[in-house]
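Me: I would like to learn how to read a fold from its model. Can you take me through one?

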Amino acid sequence: MDNAFGNNSHLVVVNFPENNTTMKYILDNAFVNNNNLTNIINLPKSIVHIGNSAFMNCSNINFSALPESLTYIGASGFYGCYSLAVDRLPQNMTQLLPQVFYNCQKVTINHFGNSTNGPVAALDNCVTHIGSDAFSSWSTTAVKPTEIYLHNTIVYMGGQCFNNY
């Protein structure tokens with residue numbers, strides 16, 4: 001599905017077949033620049049790979065869960081998805097490539113409660129790489145954690161990966 005539905009201003013809903021277990025990949029630019037796309041129904045639980053810029057600038061897309069099978073999201077995979085409200089990353093996600101959630105104003109990372117200072121977030125201990133600008137440029141109105149726990153499994157953190165977070 002490389003650039004399969006890219007730049008389609010009329011696309012509003014994508015409905016995958018229920019209980020789809022054969023689809024593994026959403027390729028590069030599959031839904032890029034679909035500002036009217038608001039809903040992905042039945043995102044297959046078998047997805048392991050979301051390509052570079054796959055949902056880039058789908059500013060109105062809204063789904064709250066990524067499949068647990070997902071191990072890879074390409075660079076800028078959800079760049080500019082202002083309405084995306086994912087609240088946790090799949091446990092098998094080891095790399096967060098550059099700008100993967102850049103300017104995604106409602107994404108939180110594995111929020112697991114509050115401290116006396118405010119919300120607390122953590123990356124699962126399987127994450128080893130955080131690319132440049134991975135979580136950068138969120139709005140000032142987004143719910144932002146006051147504490148972020150990073151595990152000793154992280155071997156690389158790119159520049160500005162939490163800039164304006």
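Reply: We go from the model's basis to its strands, then to one residue. This is a predicted model, where local features need pLDDT of at least 70, side-chain atom pairs count only at pLDDT 80 or more, and totals for chains, interfaces and linings use all residues. Residues are numbered from 1 along each chain as its sequence is written, and side-chain values use heavy atoms, with hydrogens and water left out.

Me: How many helices and strands are in the protein?
Reply: Helices (H or I, at least four residues) and strands (E, at least two) are DSSP runs, numbered from the N terminus. The protein has 0 helices and 11 strands.

Me: In what order do the 3 strands of the open sheet stand?
Reply: Strands of a sheet pair through backbone hydrogen bonds, either parallel or antiparallel. Two strands count as paired if DSSP finds at least two bridges between them. Here the order is β2-β4-β5, with parallel pairing. β2 (25-26) and β5 are the edges; each has a single partner strand, so one side of each lacks a neighbour in the sheet. Between β4 and β5 there are 2 bridges. I50 has I73 in β5 as its bridge partner.

Me: Is S53 buried or exposed?
Reply: Buried means under 20% relative accessible area, exposed over 50%, partly exposed in between (1.4 Å probe, protein chains only). S53 has 13%, so S53 is buried. S53 sits in the loop between β4 (49-50) and β5 (72-73).

Me: Which residues is S53 in contact with, leaving aside neighbours within four places in sequence?
Reply: Contact means heavy atoms within 4.5 Å. S53 touches N29, V32, A75, S76 and G77.
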